[in-house]
Amino acid sequence: MFRNPTTDSPLANALTQLASALVGELHTDDTWRILYATDASAYREMPLAVALPKTEADVAALIRWANAHSVALIPRTAGTSLAGQVVGSGLVVDMSKYFTQILEINPQEHWVRVQPGVIRDELNRALKPHGLFFGPETSTANRAMIGGMVGNNSCGTHSPVYGSTREHTLEVKGFLSDGSPVSFGALSATDFAHKTQADTLEGRIYQGLYQLLGPAEVQEEIRREFPHPGVTRRNTGYALDFLISRQPFAPEGEAFNMCKLICGSEGTLMFITEIKLNLSPLPPPEIGLVCIHCHSVDESLRANVIAMQHRPTASELMDHYVLECTKSNIEQRQNRFFVEGDPAAILVVEFAKDTREEIDQAAQALIAELQAAGLGYHYPTVYGADSVKVWNLRKAGLGLLSNMVGDAKPAPVIEDTAVSVEELPAYIAEFNEVLAKYGRYAVHYAHAGDGELHLRPILDLKTAEGHREFRAIAEDVAALVKKYRGSLSGEHGDGRLRAEFIRQMVGERNYELMRQVKQLFDPQNRFNPHKIVDAPPMDTSLRYTPGQVTREVQTVFDFSEVGGLVRAAEFCNGSGDCRKTHLSGGTMCPSYMATREEKDTTRARANILREVLTQSQAANPLADERIKEVMDLCLSCKGCKSECPSNVDVAKMKAEFLQHYYDQHGVPLRTRVIANFTRANRLAALSPKLYNLFVGSKLSALAFKRLAGFAPERSLPQLHTHTLRQWYKRHYQAPAKPQGVLYLFCDEFTNYNDTPIGITTIRLLTGLGYEVKLLQHAESGRTYLSKGLLRQAKQLAKQNVQTFAPLVNADSPLVGIEPSALLSFRDEYLDLADADWKPQAQALAQHCYTLEEFLAKERDAGRIRPEQFSTDKKLVKVHGHCHQKALSSMTPTKKILTLPLNYEVHMIPSGCCGMAGSFGYEAEHYALSMQVGELVLFPTVRQQAPETLICAVGTSCRHQIKDGTKRQALHPAEILWEALRK
C-alpha cells in the first residue's frame, strides 16, 4: 500500500498532517519517488515519500508518525554505500540538506562533534587550522557525509594507518525506534550494569545484549564463524565480534561502546542526529607515491605483500581496464602523466614522511626488494601536487567503469570482498577461475593494502543470462570468501545485495543472534527494514528485468557513439561526484551546490531520463512533465561533461529533451525571444540609441521584462553604437608583413553588445603581427542550443561548417572571443552533423581555438614574447567560463595573462557564475542564479582592492559580475591590449 498512495487515501491524509508538523520539507510527488528509488543502486523499489528534517524535533515527529501509521523509515545522508542500503518502500529521511553543522571542536582532547550531514573533506578543512583531521578517507570524501560513513563503517585509501570509521567513533546521539532520545558512548562494566537496570527501550537493549552475548559458547561460536580477525576490513552483518572483545564480556578488554555496533549497522538500529569523532594529528607533510607497473594483476598482488612489509600509508591497485577508461575521460587524461606504456596493473604505494629524503630512502628500499623478487618493470616515484593527480586517477575508478559502451557493464555484485593481505593473491587467482567458468572477466582495483579489491564482472543485466550469472557468481564467490574466512563486505556494506548471504558467512546460530539484536533495537521493524537481516533475495526488484529491450528514441543530436539516448543516461552509475559542494571546487553541479537537494544533481537528471524512457509507454516519452521538473534547474554549464567520471553530458540531454518537449507542447514566447536574440539585435542595431533608451528606462524595461518573463532585478544588455562588422569594414588594416593569418569568428554577442572587446581583440592580434580575416558567416546558434531548439541550431551549424571548412587549417585557424560560441564547433556541431557533413565538421574542429588557446599556442611557439608587454606590476583575478573549463582549459588563460612578466594571476576557485546564458535573466531562476554567484565568485570579487583587475572571458560571466558586485570585469584581450607595448 506504500507504493503510490492516492490523494484521498488515509495514508495520503496522514502525510498531509506530517507535512504540517515538520519544520523541514516533505516531498510526496512521483518525481521524488523515482529519484530516490534509483539513487546509486541497481535496485528500484519505490519509496513512499521523502522527508528533509531540519531539527531533532522533526526526526522525533517522523518516528512517532511512522510508528502510528506502520511506515518504515529509511535514514539517508551520503557515504559509500553501493548495495541498495537506502532503497525500499517507506519514507526516505534525507539528512543531507539541513543536518550539516560542525557543532564543537575540542583540539586539546582531539575530538569533534558533528551532525550526520557534514561532509568528510569539509570537516577536515575546518580541522586543519587545529593540526587535526578525521582519518578515514573514502574515494567519495568530497561528498561522503559522516552519517553515511558511520552507517557504512567506511574505510578508504589510508585505512592501513587510520582504520575504519568504527575506530574513530566515540559517541552517537539520536533516537531509538520508539522515539526515545539516546546517547551511546564508552561504558565501564559498572556503567553497563547500571544501564541494564533501566525500564526503557535503552535499558532493555543492554539487558538483551548481555543475555545474548554473555554465554561462553556463544562467544566461541562468533569467534569461529565470523571473518578472521586478521581481515582488517570486515563489515559482514552486525559487529558482534567487536562487542564480545569489550567489557563486560571480556574483563580485560576495553570499555564497552555501543558505537562499535552502530557503525556498519546501515541505519537499522537507531536514528543518528549527532556524532562525536576521534581526531588524528595531521599526516607528515611530505608525500611520495611509488607507482609499480606490473605485467599482471597477480604480479601486482605479490608486490603488494612485499610493499605492506615496508609500512606504507596506502597501497592501491588499478588494473588495465580502469587505466583504459581514463584515456577517454577529459579530466583524467591529464592525470595519466606517470603511466608508461600499457601495464596490466599499477600498484600505487604511498609513503608519508617528514622529509623528501626519508621518502626517497623508503621508496628505494621497496624498489630494490621488488626488483630482487622480479616484481614490476617500471617504478616512477611522484611527489607533492603530482601525487594528488595520481590519487584522483585512482579515485575516479568507480565512475570511469561506467564508460563502457553497450549494455554489458562492470556489475557491483561481489565488488566488496576482503581477505588477509597474505591470502589475497591466492584468493584472486581462485576468484578469476570462478569467473572463467562463466566465460567472464572482472575489473580489479582499489584497496590492495587491506586485502580488498573491488572486483566487478562484466555482465548484461538486461538479459536472462546476465541475471542468472549475477546470482550464480554471487553464490560461488560467497563460498570462496567463506573458505578464506574473509568478509563479503569490506566497506560498501551488505544492503540489499549481500544481506542474503550473511547467514552463510557467519553461520545459522550467529545469524539468529543478529536477528535478535535487530529485534532488541527495533521491535516493530521500522528502521530501514530488510537490510542485514531478513533481506529478500539479492536478485529481486532489480532495475533491469530479464529480456528488457532498450528503447530507441529518435533524436536530433547524434547519440550513436554511446548506443542512443537511453544508454547515454545509463552511463550514470550514481557515484555522486555531482553532490560535492562549492568548497570542493569545480563546476559540477551549480544548482545542487546552491539548493543541496538530490533533485538538482546531475545524477538525478540522468536517473529521471533513464527511468522515464525505460518505463513510459507514451509515444513521446521525452515530453514527460517529470523530466521537465528535474531538468529545470540545469544551467547547461557542461561541468558534468568533464567532471563526471562517466562524462554524462546532461546539457546535451537537456537540449534534446527540450526539443521533444516543445514538439508536443509548443515553444513558449520567452524561449522564442531568447533563441532569436541575434535577429532582435539585428533589428535593434538599425537604431541602437533608441533601443538603449528603451532598455535603460525603468518603466519600459520593466514592462518588457514582465512580458518576456525576465527578472525585474536583472539589467538588460545594451547595444554598441555600431557593430564589430561595421568597425572592421571601415577601420581594419592588416599588418604589412603578417607572421600569421587567422579567421575570427564574429559571434553574435561580440558583434552587437561587446563590440569594444571585439575591436580590442582585433587590435591586439594585429599589434602582435597577425592578419585577422572576418568573413560573412552565420551566427553560432548558441541561443538556440541553450533553449533546446536544435533543428534551427543544426541549420546554423551546417552553414558555418560549410563556410569555414574549406578555408580553415593549421596555418589559418578559426579563433573565437566568446567561449560558448567558438567551442560549439568542437562540441555540439559534431553531434548535430549528419553523415554527409560530419567529416568536414570533425576536420574543422581540430583547428578551432579560443583566443586564449591561440595566444598560448603562439607563445609556446615563440611567436609571442613577454618582452612585447609591459613590466608594470598588477594583480589579476580570473573567473573561468564553464564551457571553457569543461571543453578546453584555464591553463591557456593563465599562460597568456602572465605574458606581462610582473602580472600576478590568480584563478578564482569558482564554478559557474550563475548567469548561464539566459538562465539568470529568467524570473523564476534569478534568485538561484544569484545564489550560485554568492557561493564563491561574488564574495571573492568584493574582497578585491579597486586596483585589482577582475577578468572573465564569457559575456554572461561579466554581466553577472556587474549585476552581483558592481565591478567591471575585463576580457583577457582588454588586459593584454592595455599591457602591449604599442
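Me: Why is Glu828 called buried?
Reply: Glu828 has a relative accessible area of 4%, and buried means under 20%, exposed over 50% and partly exposed in between (1.4 Å probe, protein chains only), so Glu828 belongs with the buried residues. This is a predicted model, in which local features need pLDDT of at least 70 and side-chain atom pairs count only at pLDDT 80 or more, while totals for chains, interfaces and linings use all residues. Residues are numbered from 1 along each chain as its sequence is written, and side-chain values use heavy atoms, leaving out hydrogens and water.

Me: What makes the meeting of Lys638 and Glu828 a salt bridge?
Reply: A salt bridge needs a side-chain nitrogen of Lys or Arg within 4 Å of a carboxyl oxygen of Asp or Glu, and the distance from N to O for Lys638 and Glu828 is 3.8 Å, so the pair qualifies. Lys638 lies in the loop between α24 (625–631) and α25 (639–643), whereas Glu828 lies in helix α37, and so the bridge ties together parts that are 190 residues apart in sequence. Lys638, with 2% relative accessibility, also counts as buried. Both residues belong to a network of salt bridges that links Lys638, Lys641, Asp649, Arg782, Asp827 and Glu828.

Me: How do you know that Lys327 and Asp342 form a salt bridge, and are these residues buried or exposed?
Reply: Their side chains meet at 2.9 Å, N to O. The pair links distant parts of the chain, with Lys327 in helix α13 (residues 320–327) and Asp342 in the loop between α13 and β16, 15 residues apart. Lys327 has 31% relative accessibility and therefore counts as partly exposed, whereas Asp342 has 60% and therefore counts as exposed.

Me: What shows that Glu25 is bridged to Lys97?
Reply: The closest N and O atoms of Glu25 and Lys97 are 3.0 Å apart, and the two form a salt bridge. Glu25 sits in strand β1 (residues 25–27) and Lys97 in the loop between β4 (91–94) and β5 (102–106), 72 residues apart, which makes this a link between distant parts of the chain. Both residues are buried. A search of the whole structure finds 72 salt bridges.

Me: Why are the buried residues of α35 said to be on the same side?
Reply: These residues are Leu790, Ala793, Lys794, Leu796, Ala797, Asn800, Val801 and Phe804. Because they cover an arc of only 165° around the axis, they are on the same side of α35; the arc is that of the directions from the helix axis to the C-beta atoms. Their cover includes α26 (650–665), β21 (740–745) and α34 (782–786), where contact means heavy atoms within 4.5 Å. An α-helix has 3.6 residues a turn, so residues three or four places apart point the same way.

Me: How do you know that the span of α12 agrees with its number of residues?
Reply: The expected span of a helix is 1.5 Å times one less than its number of residues, and for the twelve residues of α12 (residues 297–308) this gives 16 Å, which agrees with end C-alpha atoms that are 16 Å apart. Helices such as this one are DSSP runs of H or I with at least four residues, strands are runs of E with at least two, and both are numbered from the N terminus.

Me: What makes α12 mostly covered?
Reply: Nine of its twelve residues are buried, among them Val297, Glu299, Ser300 and Leu301. The elements they pack against include β14 (286–294), β15 (314–319) and α14 (356–372).

Me: Why is Ala193 called partly exposed?
Reply: Its relative accessible area is 38%, and so Ala193 is partly exposed.

Me: Why is Gln968 called exposed?
Reply: Gln968 has a relative accessible area of 53% and is therefore exposed. The place of Gln968 is in the loop between α44 (955–965) and α45 (972–979), and, not counting residues up to four places away in sequence, Gln968 touches Ile950 and Lys962.
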